[in-house]
Amino acid sequence: MAGTGKAHLRNSPDVLLRVEDLTVEFPVGRTGLKVNAVSGISLDVLRGETLGLVGESGCGKSTTGRAIMQLRRPEGGSVVFEGNELTKMTLAEMREARTRMQMIFQDPISSLNPRRKVRDIVMEPLTIWKRGSNAERATKVDALLSEVGIDPDRAAESQPHQFSGGQCQRISIARSLVLDPTLIICDEPVSALDVSVQAQVLNLLEDLKAKHGLTLIFIAHDLAVVKNISDRIAVMYLGKICEVAPSDGLYQQPAHHYTKVLLDSIPVPDPEVALHKVAIEGEPPSPVLPPPGCRFNPRCPAADDRCRSEEPQLREIGAGHFVACHHPLVGGESPVSVRTTADA
Amino acid sequence: MSIGSTTNITQAALRDVQGPLLELTDVRTHFRTPRGLVRAVDGVSFTLERGRSLGIVGESGSGKTILSRSIMGLLPSKGTERSGSIKFAGTEVGNKSRKEMRHIWGKEMAMIFQDPMTSLNPLMRIGDQIAEPLRLHLGMSKADAAATARRLLQDVRIPEPDRRLAQYPHEMSGGMRQRVMIAIAMACGPTALFADEPTTALDVTVQAQILDLLGEQRRERNMSLVLVTHDLGVVAGHTDEIAVMYGGKLVEKAPTKRLFAAMKMPYTEGLLASIPKLEDQSHSRLNVIPGRPPDLVNPPKGCRFAPRCPYASARCNEEEPPLTATQDDPNHSYACWYPVGSPEYHEARARINASAGVN
């Protein structure tokens with residue numbers, strides 16, 4: 001069966017990262033079965049762009065982030081970053097490449113070494129890569145800490161547990177910036193934070209992105225958060241991409257039924273409009289035995305026989321707006337494929 | 001409900017009492033620590049009627065969790081100082097020991113927590129975990145408890161209940177586990193359910209399902225629901241009233257619709273403004289509340305929110321504003337000298353906008 005298509009990939013000299021047919025599988029014990037975590041997805045990110053990856057738990061969004069970083073080698077597909085193929089790199093080459101692509105994780109407290117001083121944690125990448133003199137390193141770290149809103153003097157004498165969750169996330173961000181990377185993959189960076197702190201961290205990321213000329217991949221399950229920070233959003237479901245669109249377009253005209261569900265599930269902070277019915281019943285099926293055809297068909301209100309047998313391909317329905325659905329909410333029915341006409 | 005037949009006398013007696021279900025007067029919970037006395041809850045008073053739902057909203061460290069745990073009597077025994085009165089269905093529970101509270105937990109008050117994985121016993125089958133309170137509190141036979149457990153799983157919309165009863169927690173997703181927690185909490189038909197951040201660890205789609213389930217169970221069982229959360233969006237559609245906490249104090253309380261239509265506290269305004277809105281263009285600047293919540297060992301002298309309040313003036317730093325009712329709605333009270341909408345508020349806003357170069 002084909003992947004979800006590559007119609008949405010762009011041919012531009014500005015492409016910083018290009019992922020094609022990325023596949024990640026996990027074996028299930030000795031059963032011979034496998035978890036199809038990511039099933040042949042393709043995506044690209046332009047320089048200076050923020051790509052949002054959104055979906056429920058288990059849709060493969062974090063695994064995609066980790067596979068791009070080669071933290072887990074993907075089972076198939078290619079990842080080209082700044083013109084270099086990452087999947088074929090040796091461990092040493094990959095370590096070098098990771099100085100230019102960094103990652104921020106969901107739980108800020110457990111991603112920092114609890115026994116070290118915060119300032120040393122932020123400085124460590126510079127020490128490992130022997131960048132600059134001691135004085136230069138110190139100046140750089142102090143400047144970065146101040147930039148993310150952490151007092152460098154306090155950081156010099158405190159350990160992570162002496163900071164709040166929001167502050168620890170700021171420290172993680174400072175650490176990710178210290179080697180001057182071009183790409184930062186943010187895996188649910190604000191999901192563990194209070195709404196008020198979440199807003200502070202999102203604003204901070206926007207500021208840093210502008211100042212340091214960063215490109216971001218922002219992974220989250222909350223579409224409102226993703227929409228706020230992203231230029232382009234890819235919606236994932238059960239290891240596949242079902243819709244790619246500019247963030248404002250995705251909200252104004254969701255085409256995939258799953259995107260609509262995600263949008264409707266966001267609690268509206270207004271008691272007058274909040275009395276809506278549950279948008280969707282049940283939870284995603286197991287990625288060990290994903291349903292044939294469109295993977296969303298068991299939960300989709302518009303599913304028919306075609307959705308249960310033929311996998312929809314990504315196709316363009318508007319400027320930069322791509323959907324993998326036979327019966328999308330906008331953009332018309334998908335053309336009947338050659339295979340089905342031949343069968344008929 | 002078949003539980004009704006086995007309801008014991010104290011429970012029936014408690015339910016017959018008229019008046020509010022929950023009455024808090026000047027509740028204080030302080031913790032003795034090496035750094036000094038942490039005033040986690042510092043003088044909270046409110047009442048909650050039977051069958052109503054209340055949202056307690058605030059940031060981390062606002063005292064919302066400690067308040068709900070104080071009501072439940074789930075506090076560490078060492079180093080805790082409690083004062084004030086907590087009346088549950090007319091009976092004082094604030095001074096009860098853990099041993100005495102055991103008769104109230106489960107049957108009268110139940111609680112569900114944020115993390116459904118760690119609140120379930122990983123070594124016990126789901127069915128046995130639901131049956132345990134039924135046998136312990138209601139003295140049901142093994143067969144009755146098993147049948148009730150099955151029906152409770154159906155009530156919380158878990159498909160294939162028979163298969164699920166025999167499973168262990170690790171075989172279920174986070175959303176399913178939270179449904180099991182709700183089934184356990186409902187098992188003995190409590191009059192009040194405390195839900196502490198019940199959906200924070202869950203996906204948005206599952207969050208919507210769980211919140212609807214809680215609301216539905218509350219209406220069907222005429223139960224009071226206290227929903228503790230940091231997200232005003234979560235409580236907007238699922239509560240009758242909202243209490244906003246800051247620095248261990250209640251700073252605003254109002255019926256939900258009223259609160260959203262006419263909030264008075266600048267803190268409530270700030271919390272609402274910091275939620276990213278889908279209608280906004282992407283990359284729109286989010287409104288933030290600058291700074292961090294106060295240190296509860298040495299809280300600020302005047303209004304505890306004053307150091308972060310964009311509209312604060314000299315009086316706010318000196319005098320603590322009392323919780324007072326609004327003139328047009330006695331159910332809406334707030335603690336602020338210059339509330340949202342007052343002339344001083346507009347003056348301060350104009351000043352801020354002028355300095356930021358906005359009209």
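This is a predicted model: local features need pLDDT of at least 70, side-chain atom pairs count only at pLDDT 80 or more; totals for chains, interfaces and linings use all residues.

Residues are numbered from 1 along each chain as its sequence is written, chains are lettered from A and ligands numbered from 1 in the order in which they are written, and side-chain values use heavy atoms, with hydrogens and water left out.

**Exercise 1.** Determine which residues of helix H3 of chain A are buried, and what they pack against.

*Solution.* Begin with the extent of the helix, residues 118-128, where a helix is a DSSP run of H or I with at least four residues, numbered from the N terminus. Its buried residues (under 20% relative accessible area, 1.4 Å probe, protein chains only) are A:Val118, A:Arg119, A:Ile121, A:Val122, A:Met123, A:Pro125 and A:Leu126. Next, look for contacts (heavy atoms within 4.5 Å): these buried residues pack against helix H4 (134-147), helix H5 (152-157) and helix H6 (165-177) of chain A. Finally, inspect what comes after the helix, where A:Lys130 has a positive phi, near 50°.

**Exercise 2.** Identify the residues with the most contacts inside the largest nonpolar core.

*Solution.* A nonpolar core is a set of buried Ala, Val, Leu, Ile, Met, Phe, Trp, Tyr and Cys residues joined through side-chain atoms within 4.5 Å. The largest such core has 70 residues, and B:Ile130, B:Val180, B:Leu214, B:Leu232 and B:Tyr267 have the most contacts inside it. Helix H8 (residues 174-186) of chain B supplies the largest share of this core, eight residues. Another core, of 62 residues, lies apart from it and includes A:Leu145 and A:Tyr237.

**Exercise 3.** Describe the interface of chain A and chain B by its contacts, its buried area and its salt bridge.

*Solution.* First count the contacts: 49 residues of chain A touch 44 residues of chain B. Then take the buried area, meaning the accessible area (1.4 Å probe) that two parts lose on being put together, summed over both; here it is about 3,900 Å², with carbon and sulfur atoms giving 53%. On the side of chain A, the residues that lose the most area are A:Val195, A:Pro269 and A:Glu283, together 16% of what that side buries. Lastly, apply the salt-bridge rule (a side-chain nitrogen of Lys or Arg within 4 Å of a carboxyl oxygen of Asp or Glu), which finds one across this interface. The side chains of A:Asp207 and B:Arg285 form a salt bridge at 2.9 Å, N to O.

Definitions and conventions
Buried means under 20% relative accessible area, exposed over 50%, partly exposed in between (1.4 Å probe, protein chains only). Helices (H or I, at least four residues) and strands (E, at least two) are DSSP runs, numbered from the N terminus.
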